[in-house]
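Hi,

Here is the structure I said I would pass on. Have a look at it first, and then read my notes below.

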Protein chains: 2
Amino acid sequence: MQEVERYGVFEIRLDTVKGGQPPCAVFKRGEEFYTIRGFCENEDEAAIRFMPRSEGVWHYTAKCNGHTLEGDFNCVPCSGVNHGPVVANGCHFAYADGTRYIPMGTTCYAWIHQPPELMAQTLETLKGVPFNKIRMCVFPKSMPYNQNEPLWFPFESKVGGGWDVHKPVAAFWRNLESNIAALAALGIEADLILFHPYDRWGFSKMSREDNLTYLDYCIRRLAAYRNIWWSLANEYDLGFTKTIEDWDAFGEAVAALDPYGHLISVHNWVSIYPKRPWLTHVSIQKNDMSVAFNAREEYRLPVIVDECGYEGNIPFDWGNITGFELINRMWTAFCFGCYCAHGETFHRDDEVLWWSKGGKLYGESPSRIRFLYEVLKTLPGVMEPYASVLINDPNASSSNPEHAAFLKNIMENMGEKERAQIIGELTKPIGRHPDYRLQYLRRSCPVYMDMRLPQNGRYRLEVIDVWEMTREIICQKASGDIRIDLPGKEGIAVLVTRLEGDEL
Amino acid sequence: MQEVERYGVFEIRLDTVKGGQPPCAVFKRGEEFYTIRGFCENEDEAAIRFMPRSEGVWHYTAKCNGHTLEGDFNCVPCSGVNHGPVVANGCHFAYADGTRYIPMGTTCYAWIHQPPELMAQTLETLKGVPFNKIRMCVFPKSMPYNQNEPLWFPFESKVGGGWDVHKPVAAFWRNLESNIAALAALGIEADLILFHPYDRWGFSKMSREDNLTYLDYCIRRLAAYRNIWWSLANEYDLGFTKTIEDWDAFGEAVAALDPYGHLISVHNWVSIYPKRPWLTHVSIQKNDMSVAFNAREEYRLPVIVDECGYEGNIPFDWGNITGFELINRMWTAFCFGCYCAHGETFHRDDEVLWWSKGGKLYGESPSRIRFLYEVLKTLPGVMEPYASVLINDPNASSSNPEHAAFLKNIMENMGEKERAQIIGELTKPIGRHPDYRLQYLRRSCPVYMDMRLPQNGRYRLEVIDVWEMTREIICQKASGDIRIDLPGKEGIAVLVTRLEGDEL
């Protein structure tokens with residue numbers, strides 16, 4: 001009997017379609033059953049893909065063009081990097097098997113539209129870097145540094161112009177899905193961007209009906225890949241050919257049609273997409289990480305700043321920040337209980353920039369992202385942001401009792417609006433867990449800091465240099481009100497770990 | 001006949017007061033005349049101070065306690081650094097004689113409350129640095145690093161507690177005014193902070209009536225100093241003992257009572273003070289320079305970010321930015337057509353930090369501020385901010401016609417609200433004058449930039465490194481659409497100067 005890993009792809013191929021309706025199948029194991037719709041590869045071939053979520057023998061009955069096909073397969077345990085699909089869990093993520101998932105994303109918008117040797121190089125690069133999520137577009141991209149034609153288009157073109165969404169180009173989809181599978185094998189989530197406005201071929205101008213047909217095809221064909229995330233848009237608010245009603249229709253359709261409930265987000269240009277029942281997390285483009293913190297408070301969903309500015313040196317301000325600034329933004333976002341992703345845009349005369357085409361990485365941030373990832377992996381559980389306004393700021397409240405009383409008085413006497421404003425402005429990136437507290441000082445350069453720890457306990461203090469990638473334990477038995485020395489430079493974090501005693 | 005410089009202080013001293021009303025005098029020269037109110041130094045002595053604004057012989061008639069005193073003095077031309085008081089001129093400043101005034105401010109809140117040798121050192125330091133404005137408080141300051149008692153208090157204390165605002169302490173006021181005069185001699189404006197909340201002596205809790213008496217005294221005594229600016233508050237919105245009505249009453253009183261119309265502002269903590277007829281300019285505390293740009297658009301007044309964060313290393317985030325970040329914020333503000341000021345807070349065990357007590361400077365920013373000042377002084381006239389949104393952004397609009405058309409389309413299709421938002425987010429700091437354009441790239445690191453210059457003309461291009469303090473001319477005859485190489489690092493400005501042809 002064929003064996004398929006739990007959360008793997010079981011596929012039934014059918015070559016008896018002959019222009020008929022796409023096939024479908026019922027998969028059963030004990031009480032569990034799924035009706036799974038298949039897809040046509042071309043006029044003659046079709047397939048049905050299924051991702052089993054429990055181990056054991058599954059039985060299927062497929063119907064296609066009047067024919068029926070039955071069979072069994074054995075679903076065996078996960079192995080290697082396979083922990084199942086990622087799901088939202090409060091304001092954080094986890095794999096389906098319960099393993100914590102800390103998104104360390106990057107972006108290669110059009111990498112599947114590049115020549116095979118470049119695609120291979122991208123996958124090779126991904127093996128050596130800490131990224132476990134990649135934003136990538138279905139449609140090819142047209143903008144500066146993206147002048148080359150794609151390998152294939154997703155549909156055949158219609159006579160007289162436009163695209164025939166009912167006629168998928170098999171080579172295109174095979175290339176896309178083989179790359180998604182390759183990413184899965186590397187433990188990388190494919191955050192698949194379904195629409196974007198950077199277009200010279202007409203994909204951004206298809207009708208709503210054609211768009212829905214296209215989405216349905218994506219789901220039939222790709223939803224069985226465990227590492228798929230649905231990103232409805234890159235920069236939905238630049239897609240002037242689509243209305244909010246269109247986006248809502250797409251979100252509702254994807255949520256309704258996807259049998260596995262993969263993650264769904266909508267990435268913005270200026271305005272964050274409004275809260276919707278089908279939205280599983282918030283994908284943001286913003287330079288200012290306090291926006292992520294505020295979005296987390298508002299949406300109560302996981303927040304990823306998928307675009308915070310790319311490490312690079314091109315003329316566009318979204319693509320010319322230093323590696324340090326990218327790392328600075330990432331640490332800030334993580335200590336706000338949010339997430340933030342990488343991208344790279346170093347000018348090259350051959351126009352092969354990682355952010356769009358993949359290839360090689362040249363920046364200074366990936367090694368620091370690995371370091372961040374390693375620091376986070378040593379911490380149990382997840383961080384919630386410390387609602388660290390002045391009144392409960394360990395920094396402000398202990399050094400000088402008179403000053404602390406003064407600040408407390410301020411907060412109490414403030415109007416609601418001012419209070420909200422000041423909370424937004426002064427909230428510091430401090431991630432908190434009963435067992436630890438991770439405070440990131442951003443570009444602040446204090447030579448000392450006052451902290452208020454519980455009196456009853458013993459706490460370890462570690463000073464982390466996020467750029468030099470060093471961790472120094474400065475105290476193993478801190479408690480109560482203490483003053484600690486700091487290096488007085490940008491990019492410092494302080495990790496407090498409970499060794500015994502009261503929760504942090 | 002006594003000679004007094006134009007905009008100098010002519011003083012009449014009277015020792016016949018004996019507890020009577022403060023004196024007043026009428027000053028006349030031809031058609032000009034001023035009724036000037038004097039002040040009591042103590043129970044026996046009084047004085048009247050007058051700042052003549054035109055040259056020639058002035059006649060005065062002073063009345064005091066039933067006596068009359070007449071006399072003449074000769075007002076002679078300005079000399080040295082004396083260009084008269086600074087006035088607002090559109091969104092910029094000028095001296096009364098028309099000379100451009102570019103504010104290069106610093107802050108030493110409590111320097112007049114320090115021991116004489118420290119005050120002398122502060123003045124000595126000010127001789128060697130580029131600052132031409134200093135924020136300083138009348139009242140002493142109480143907060144971390146400000147634990148020492150002041151030399152003198154401004155008033156005698158009342159029996160049973162509180163301050164008797166009708167009994168000024170001569171030594172206090174002589175010390176204050178001699179320091180204001182010393183600043184005038186150095187060409188430094190005294191931005192005198194009349195109220196602030198950092199208080200342990202009760203000055204922040206005086207009644208509105210007492211506050212108005214105190215303000216009246218300040219004006220009678222100090223308004224004749226040409227370099228006085230009235231800053232109603234440091235952080236008015238932290239002064240919870242005062243209402244907006246109080247602040248308005250103070251602003252109206254100062255405007256009504258000051259015979260010379262010195263500049264008046266109100267410095268904020270969180271919320272910028274609302275627009276008022278008596279407000280001559282906007283004094284802001286903010287880290288984000290785009291707030292200054294927006295305030296300039298709203299108020300149509302000169303905007304100074306008097307507190308953008310201080311170069312230093314103390315635990316408070318308002319006092320631990322790098323010198324580079326301070327310079328970065330200053331260049332940003334200036335290229336937005338606004339102004340931004342210096343402050344320094346390096347921890348010292350003796351607690352003598354420049355920001356409050358004066359003394360010496362240790363930071364890296366003053367030399368860079370001098371460089372900025374020198375660059376600005378080479379430029380004629382004043383800069384208006386280039387409303388440089390995408391549609392008229394020389395950077396975005398020329399490199400790729402298709403992309404430019406795409407962006408233009410975006411702006412045209414946007415709603416009002418989104419348009420306003422994107423204008424706020426994407427407006428770049430580009431100062432503009434018909435003869436030049438100064439663009440500051442902040443922390444962006446492009447290795448090239450596309451510019452659109454007029455076709456009809458010849459323009460010089462200079463690349464400025466704001467930190468290394470270098471200016472490199474990279475082209476002497478640019479015109480039309482050009483691409484220029486840039487160093488790909490933070491802190492770069494590009495100065496375009498018209499040599500001939502169309503205005504920029």
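Which residues are buried in helix 5 (residues 289-299) of chain A? They are Met289(A), Ser290(A), Ala292(A), Phe293(A), Ala295(A), Arg296(A) and Tyr299(A). Buried means under 20% relative accessible area, exposed over 50%, and partly exposed in between (1.4 Å probe, protein chains only). Helices here are DSSP runs of H or I with at least four residues and strands are E runs of at least two, numbered from the N terminus. Just past the end of helix 5, Arg300(A) has a positive phi of about 50°.

Before you go on: this is a predicted model, so local features need pLDDT of at least 70 and side-chain atom pairs pLDDT 80 or more, while totals for chains, interfaces and linings use all residues. Residues count from 1 along each chain as written, chains are lettered from A and ligands numbered from 1 in written order, and side-chain values use heavy atoms, without hydrogens or water.

Next, Arg49(A), which sits in strand 6 of chain A. Arg49(A) counts as buried because its relative accessible area is 3%. Its side chain makes a polar contact of 2.7 Å with that of Glu177(A). (That is an N or O pair within 3.5 Å, one able to donate a hydrogen and the other to accept it; sequence neighbours count only if both atoms are side-chain atoms.) A polar atom of the Arg49(A) side chain also lies 2.7 Å from the backbone oxygen of Arg221(A).

Over in chain B, Thr61(B) belongs to strand 7 (residues 56-64). Thr61(B) is partly exposed, because its relative accessible area is 24%. Val26(B) is 35 residues from Thr61(B) in sequence, yet their C-alpha atoms are 5.3 Å apart.

Cheers
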